[in-house]
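Subject: Handing over the two-chain model

Dear colleague,

I am passing on to you the structure that we spoke about, and below it you will find my notes. Please read them with the structure open beside you.

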Amino acid sequence: MKPTIVKREPVVDEAMDQCEARLTEEEIEKVINEVIDKETGGRLWTYINTCIHCGLCAEACHWYLSNDRDVSFAPVTKIKDTLWVMLEKKGKVDAAFIKRCSQISHTECNACRRCGMYCPFGIDIAYMILVVRRICAKLGMVPLYLQDTVHSHAATMNQMWVKPDEWIDTLQWQEEEAQGYVPSARLPLEKEGAEIMYSVIGPEPKFLAQLLGNITVIMKVAGLDWTMPATAGWDNSNMAMYSGDFEIMARVERLHHETAQRLKVKKIVMGECGHAFRGAEYDGPTWMGWMKPPIPIVHAIAFYYDLIKSGRIKIAKKIEGPITSQYPCNVIRNAGLGSKLRYIMSAVCEDFVDLIPNDRHAFCCNAGGGTINCGPPWKKIRVQSAKLQSENFKRTGAHTIVTPCHNCHSGVEDIVDGYKLGMHVKFFSELLIEAMEIPEHLKPKEE
Amino acid sequence: MFNIESWDWESKEKMLADTAKWKDKFEDVWEPYISQDGEKIASIVKIGEGEHNIAVNEGTWEEPFEKIWYSRFSPDGRLTALITKDMEWTMAVDGKTWEQMYEYIWDTKFSADGKIIAATTKVDSVYGITINEKTLECPVQLESIASHVISPDGKISAAIAQTVPLGQADLDGFLKGSWSVVVNGKPWKNNFVDVYGLTMSNDGKNIAVEYRDSICEYGILVNEKPWNEKFACTWEPVFHPKNSDEITAPVRQWGQWFLATNGRIVWDNGFYSLLYPTYSPDGNNIAAAVAPQFAKWTIAVNGQPWSVTFGECIQKPCFSPDGRKVAAIAKDKGNWLLVVDGAVLGEAFDNIWEPVFSPNDDKVICKVEKNGKYAIAVNGKIRRNDYEALWNPVVSPDGTKVMICGVEDGKYYRKVVPLSDI
Ligand code: SF4
Ligand code: SF4
């Protein structure tokens with residue numbers, strides 16, 4: 001195998017550098033073989049043995065396309081430079097190699113699964129990338145900020161080190177905020193037997209608390225019976241799924257789903273986040289042995305689609321001017337919500353300008369798959385490698401990009417900023433709050 | 001159930017509150033709670049902007065508060081709630097507030113007799129456990145409290161707490177250990193990466209938790225002392241009900257889940273998943289929710305799984321009082337089912353609450369939900385009317401009667417029905 005020519009600016013990531021200094025080759029060999037022998041099976045070997053090294057997957061990947069078709073960013077190269085070597089050498093590799101594996105798998109691939117659609121055999125490169133991440137995680141080779149986020153999940157069961165009292169306090173404060181718009185709005189905590197448990201991701205109470213106020217208004221206007229837990233289990237996000245720490249991933253998912261069972265709800269509705277949907281709908285349940293979540297989970301896009309389509313929420317005034325939307329990979333390519341996203345966008349926007357390519361073929365925002373959580377050291381290359389999507393956004397001429405996913409939201413803000421696009425970035429619920437009709441009887445009474 | 005013998009088991013029916021009237025009287029009425037003996041029903045009510053009270057049976061608390069939440073009856077029938085006055089929080093008990101105010105207070109817990117009320121509190125950003133208004137002194141500053149328990153006699157309090165402050169993205173500090181267990185205000189000597197699944201023996205003598213020692217290494221600690229064995233993962237431990245030196249927990253080894261007692265694997269079979277180990281009341285048997293294969297859930301009793309399996313999930317098993325029968329609620333094809341000793345009993349429901357056995361094991365009584373209404377089901381068949389709200393049935397200590405509390409046409413009834421009649 002010819003070595004890949006890799007040109008990268010050096011990046012200092014303290015955690016990875018320290019891990020490189022600490023790891024022994026015996027430890028590395030043991031973990032690689034353990035993961036390959038005990039945690040993988042037919043799926044991995046089918047992919048490895050089926051790949052004909054044709055490179056067709058390269059044209060699917062925004063990393064490759066945004067970096068002047070540098071082959072070191074091609075999907076198949078990401079496997080060639082990691083797993084193939086591990087398998088060929090039967091795990092006898094050194095710490096510098098493991099560090100490079102982490103760099104490739106954690107910081108240069110979003111596990112977005114676009115390449116799998118372009119491979120003639122449907123080989124799921126992203127699955128293999130997660131195997132590489134699993135090996136790295138067990139060895140402690142994870143970028144600093146991603147690992148810190150996983151530690152937050154492990155310690156607090158949420159992504160942002162939010163303490164139990166801060167969570168409840170924020171909900172109570174946002175209930176008051178919502179009552180400014182709709183005085184009878186309530187954010188019901190711990191209401192056993194409600195129809196819906198609403199769950200969100202850590203950044204909402206930490207930085208974007210107004211989204212909790214917005215949903216309180218939306219639920220009231222739609223007349224829904226809902227609740228939020230006042231205990232851990234409220235956070236549906238899961239960066240442990242992306243670092244490769246599957247035990248913490250499972251613990252977080254178990255708590256989320258058991259909280260819904262404890263509250264005896266009929267369904268979980270989750271806020272606008274893509275990876276959280278993947279963790280809660282697929283990866284978490286699979287690890288736990290559940291075919292699907294014991295209490296069904298509905299992504300915000302499908303939830304808003306139902307509310308608008310059924311007329312429970314009416315649109316008073318559409319938002320003016322051209323608006324586009326990012327298609328979050330985990331709920332569009334991987335869960336088929338593209339047409340529902342276009343429906344709700346058209347329902348609230350006067351001029352919805354679609355992205356090209358769109359739907360299942362849309363490109364990743366380049367923040368997904370845990371890459372944005374790798375933090376500031378890796379930001380430059382991440383934004384640089386989103387060049388293609390920045391051009392796609394620019395072409396729409398939109399004044400606002402809607403991102404029905406938290407990772408997309410932060411990633412697209414970085415794109416707008418980095419490429420000076422001069423566009424706003426909003427969640428769908430922010431548009432809905434602006435556009436929806438608040439029935440007369442729910443409006444604040446004039447003094 | 002505290003003092004269950006002295007509850008009113010004679011009155012056949014009492015209408016204790018017309019909750020429909022609450023809706024006319026107050027701006028908003030929250031979901032109701034009842035006392036253990038069923039004699040009181042309470043709802044938080046909104047009486048104006050930033051003004052709340054609690055309606056209890058036919059009256060309300062004297063004083064309204066800015067905010068009220070988490071109204072819960074203590075086992076002795078006193079009504080507690082967390083309230084704010086001038087933007088500070090405290091506990092109110094039957095309308096009377098504790099003197100001390102807190103930055104925050106939450107997670108109310110009671111001793112078995114209800115005399116002791118404990119909660120997690122925060123003052124000046126320092127966390128503590130407060131018991132009957134007195135915050136337990138702690139030699140280290142607690143940075144956070146994840147969960148707490150108190151012994152049935154209320155004498156022992158234990159909490160999982162962050163005992164070491166951490167800077168931003170301090171991976172080394174985290175891996176050195178920043179969490180521990182605080183017992184009656186005194187932290188255990190060692191700190192751990194993570195601590196989960198806090199459990200206390202019935203006699204309050206022993207405390208067990210799961211702990212994480214490094215990224216992928218887990219174990220069980222009993223009174224600070226780790227089991228010798230470490231595992232790839234663990235779930236929360238449980239104590240033998242009669243012998244507090246015996247502790248059992250699900251543990252993960254070689255990609256499968258096993259049951260371990262005091263560190264030793266005790267069931268021969270490994271499972272794809274294993275949750276909720278539960279001892280029989282005499283401690284002679286253990287049942288657990290298991291998945292022998294992916295998405296095939298059942299109950300294993302003493303390691304032997306039932307032959308029937310369910311596609312979606314199964315909940316915590318429940319032994320009959322004599323320990324001979326086991327019931328569990330399972331979900332299959334979107335329906336909840338009552339399963340007893342490996343056989344589905346009766347119909348499918350939209351929801352089923354924790355099963356209750358009759359003393360001679362022949363009846364399993366549950367609160368169930370169908371088409372938005374609640375009912376009492378016996379052996380999986382609906383026996384009593386539809387209710388707008390309903391609570392879990394309680395069997396009398398002599399085993400002859402059942403207390404059923406529910407709201408019908410807006411009225412809250414406490415009924416005592418002969419077991420033979422349902
Ligand atoms: S999964 Fe996405 S980011 Fe990763 S290699 Fe494939 S196309 Fe590129
Ligand atoms: S397109 Fe498929 S077969 Fe070709 S190199 Fe990529 S993964 Fe291998």
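What follows is a description of what was found, topic by topic.

This is a predicted model, in which local features need pLDDT of at least 70 and side-chain atom pairs count only at pLDDT 80 or more, while totals for chains, interfaces and linings use all residues. Residues are numbered from 1 along each chain as its sequence is written, chains are lettered from A and ligands numbered from 1 in the order in which they are written, and side-chain values use heavy atoms, with hydrogens and water left out.

**The nonpolar core**

A nonpolar core is a set of buried Ala, Val, Leu, Ile, Met, Phe, Trp, Tyr and Cys residues joined through side-chain atoms within 4.5 Å, where buried means under 20% relative accessible area, exposed means over 50%, and partly exposed lies in between, using a 1.4 Å probe and protein chains only. The largest such core has 236 residues, and those with the most contacts inside it are A:Leu83, A:Ile98, A:Met128, A:Tyr304 and B:Trp69. Helix H8 of chain A (residues 125–139) gives the largest share of this core, 12 residues; helices (H or I, at least four residues) and strands (E, at least two) are DSSP runs, numbered from the N terminus. Apart from this core lies another, of 20 residues, among them B:Ala17, B:Val29, B:Ala389 and B:Val416. Contact, here and below, means heavy atoms within 4.5 Å. Not counting residues up to four places away in sequence, B:Trp69 touches residues of both chains, including A:Ile168, A:Leu189, B:Trp30 and B:Trp106.

**Where the chains meet**

How many residues of chain A are in contact with chain B? There are 51 of them, and they are in contact with 58 residues of chain B. The area buried between the two chains is about 4,600 Å², of which carbon and sulfur atoms give 54%; buried area is the accessible area (1.4 Å probe) that two parts lose on being put together, summed over both. In chain A, A:Arg251, A:Arg254 and A:Lys264 lose the most area to chain B, together 14% of what that side buries.

Across this interface the rule finds 7 salt bridges, a salt bridge being a side-chain nitrogen of Lys or Arg within 4 Å of a carboxyl oxygen of Asp or Glu. One salt bridge is formed by A:Lys266 and B:Glu369, whose closest N and O atoms are 2.7 Å apart. A:Lys266 counts as partly exposed, at 24% relative accessibility, whereas B:Glu369 counts as buried, at 4%.

**Salt bridges within a chain**

Over all chains, the structure holds 52 salt bridges. In one of them A:Asp225 pairs with A:Lys191, the closest N and O atoms being 2.7 Å apart, and this pair links distant parts of the chain, 34 residues apart. A:Asp225 counts as partly exposed, at 31% relative accessibility. In chain B, the side chains of B:Glu312 and B:Lys331 meet in a salt bridge of 3.7 Å, N to O, and both of these residues are buried.

**A buried tyrosine**

A:Tyr242 lies in helix H13 of chain A (residues 240–243). Is A:Tyr242 buried or exposed? With a relative accessible area of 0%, A:Tyr242 is buried. A:Tyr242 and A:Leu130 are 112 residues apart in sequence, yet 7.3 Å apart in space, C-alpha to C-alpha. The side chains of A:Tyr242 and A:Asn330 are joined by a polar contact of 3.1 Å; a polar contact is a pair of N or O atoms within 3.5 Å, of which, within protein, one must be able to donate a hydrogen and the other to accept it, and residues adjacent in sequence count only if both atoms are side-chain atoms.

**Backbone details**

A cis peptide bond joins A:Ile356 and A:Pro357, with omega about -10 degrees. A:Asn366 has a positive phi of about 75 degrees although it is not a glycine, and this residue counts as buried, at 0% relative accessibility. B:Asp409, also not a glycine, has a positive phi of about 45 degrees, but B:Asp409 counts as exposed, at 67% relative accessibility.

With best wishes
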